[in-house]
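Here's a quick briefing to read alongside the structure.

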Amino acid sequence: VRIEVLPIVLGALPASAWAVDYLTAQQAESLLFPQADAFKTVNLRFDNTQLQEIGQRAGIPARSAQWGVRLAQRADAPLGYVVIDNVIGKFELITYAVAVGTDGAIRQIEILSYRESHGGEVRLPAWRKQFVGKTVAGPLRVGDDIANISGATLSCTHVTDGVRRIVAVLQVARASGVLP
Amino acid sequence: MTRAVIRRAQPWLGTIVSIELAEDDDPARSAHAFTRAFAAIERVHTAMSAQLPTSDVARFNRAREGAVFACDPWTVRVLQLAARLRRASGGLFDVALGTARASAYGMVDPRHVIKLDRKAQIDLGGIAKGYAVDRAVATLRCCGIKRGLVNAGGDLRAFGPGRWPILVRGAGALALERGALATSQYLAGRSPYRNDALITPATGAVREIDRAITVAARNCALADALTKVIALSGTTRHSLLREVQGQAWLR
């Protein structure tokens, strides 16, 4: 193991210091349904009764009456659905995509991006001095050059809740015949 | 320091696991490696999550004393490592969190474990994430990936040539080359999450620790587990660290 202390641009740490992008929406779609030859947008709109049902199935409120679903198709036959959603954690905003098959089962979950709204990471120069080794030249920018954080209390609880809600949204939409 | 990397992330092990690979000439190789590495993470999650009722851990906790049952061989390896670390740390690292009189379990063979203490309840939360990172790294190398980094919510490991800049929360930036880094934060009285290491295994007493511990080690399971040893011993010069050629920082 080799460890070195790095200088950091303090000005590069505003309140919303952290952003890591993993996939674009389009990349996620083709990754989640590589067999698909077309994706069609279906805009769902639920009434109050349906929203209640979604809430009951998911165990959390439906949150929105409108949902956009991408229908993955191959030769006009449906393969499944991709829903892209945002959840807010304690300090972070997570964008993720869920792929659900036409059988209603979750196929895969991919994180699209992760943004931290909590800054001020470099406050303890005395602590940093404990790290032995030579400082390297060239300051780094958080988010640009640094994509990894150690000691994050990152939780995926909100993603898990969000996925449950999306599964319920798709179930209710399919029951009503809006989705194949 | 500029480099081309490709990144993917999925929610596993109660956190977000991200994998970064040096951009490959062969995109199909990277795609295959990502799939295989996330499958390894999923396997650890499925076997070792305390929340999943079908996991090896949940089945162990429900089992009667003397029960022998089949486990994922990876679970058996983690339990073996945990038993070694428990002895070497004088009980500071203990996946049974003090619920067992002596040994909570024993290894029957590479696929079977015996429960030795009726009251024993295990939780692999202090080592499984690190182990998952190690398995993912091994899988990536197996797939022919030369350079990459796997990060499971702050327990991370880099492999291959070159340095990876890492931000250690509340502290600063480090460059990591060929090795693992884990950080545990214990904020006395305001810990936002359940915290195993706040329990002193020998006495079951809850310890108030208001510190953050970062450990560097050759692999991530060790780094992960050692943060708990350092937290409870309060020293960065613990003999176990020297044994594994690790480094630790307290703040």
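In this predicted model, H5(B) is mostly covered, with 13 of its 14 residues buried.

**Helix H5 of chain B**
- H5 runs over residues 220–233 of chain B and spans 20 Å from its first C-alpha to its last, close to the 20 Å expected at 1.5 Å a residue.
- Where the helix starts, Asn219(B) places a side-chain oxygen within 3.2 Å of the backbone nitrogen of Ala221(B).
- Just past the other end sits Gly234(B), with a positive phi of about 75°.

**Chain B as a whole**
- Chain B is built from 6 helices and 12 strands.
- Of its 251 residues, 61% are buried.
- Take the contacts in chain B with a separation of 6 or more: 57% of them join residues 24 or more positions apart.
- The chain exposes about 10100 Å², and 50% of that comes from carbon and sulfur atoms.

**Aromatic rings**
- Over all chains, there are 3 aromatic pairs.
- Phe60(B) and Phe69(B) form a tilted pair, because their ring centres are 6.1 Å apart and their planes meet at 55°.
- Both partners are buried: Phe60(B) has 2% relative accessibility, and Phe69(B) has 10%.
- Phe60(B) also pairs with Tyr105(B), with centres 6.3 Å apart and planes at 85°, so this one is edge-to-face.
- Put together, the ring pairs join Phe60(B), Phe69(B) and Tyr105(B) into a cluster.

**Cysteines**
- How many disulfides are there over all chains? The count is 0, going by a cut-off of 2.5 Å between cysteine sulfur atoms.
- Cys156(A) is in no disulfide, and the nearest cysteine sulfur, in Cys220(B), is 17 Å away.
- Cys156(A) counts as buried because its relative accessibility is 6%, under the 20% cut-off.

Conventions: Residues are numbered from 1 along each chain as its sequence is written. Chains are lettered from A and ligands numbered from 1 in the order in which they are written. This is a predicted model: local features need pLDDT of at least 70, side-chain atom pairs count only at pLDDT 80 or more; totals for chains, interfaces and linings use all residues. Side-chain values use heavy atoms; hydrogens and water are left out. Helices (H or I, at least four residues) and strands (E, at least two) are DSSP runs, numbered from the N terminus. The expected span of a helix is 1.5 Å times one less than its number of residues. Buried means under 20% relative accessible area, exposed over 50%, partly exposed in between (1.4 Å probe, protein chains only). A polar contact is a pair of N or O atoms within 3.5 Å; within protein, one must be able to donate a hydrogen and the other to accept it, and residues adjacent in sequence count only if both atoms are side-chain atoms. Contact means heavy atoms within 4.5 Å. Accessible areas come from the Shrake-Rupley method with a 1.4 Å probe; for residues, only the protein chains shown count as cover. Rings of Phe, Tyr and Trp (its six-membered ring) pair if their centres lie within 6.5 Å; planes under 30 degrees apart count as stacked, over 60 as edge-to-face and the rest as tilted.
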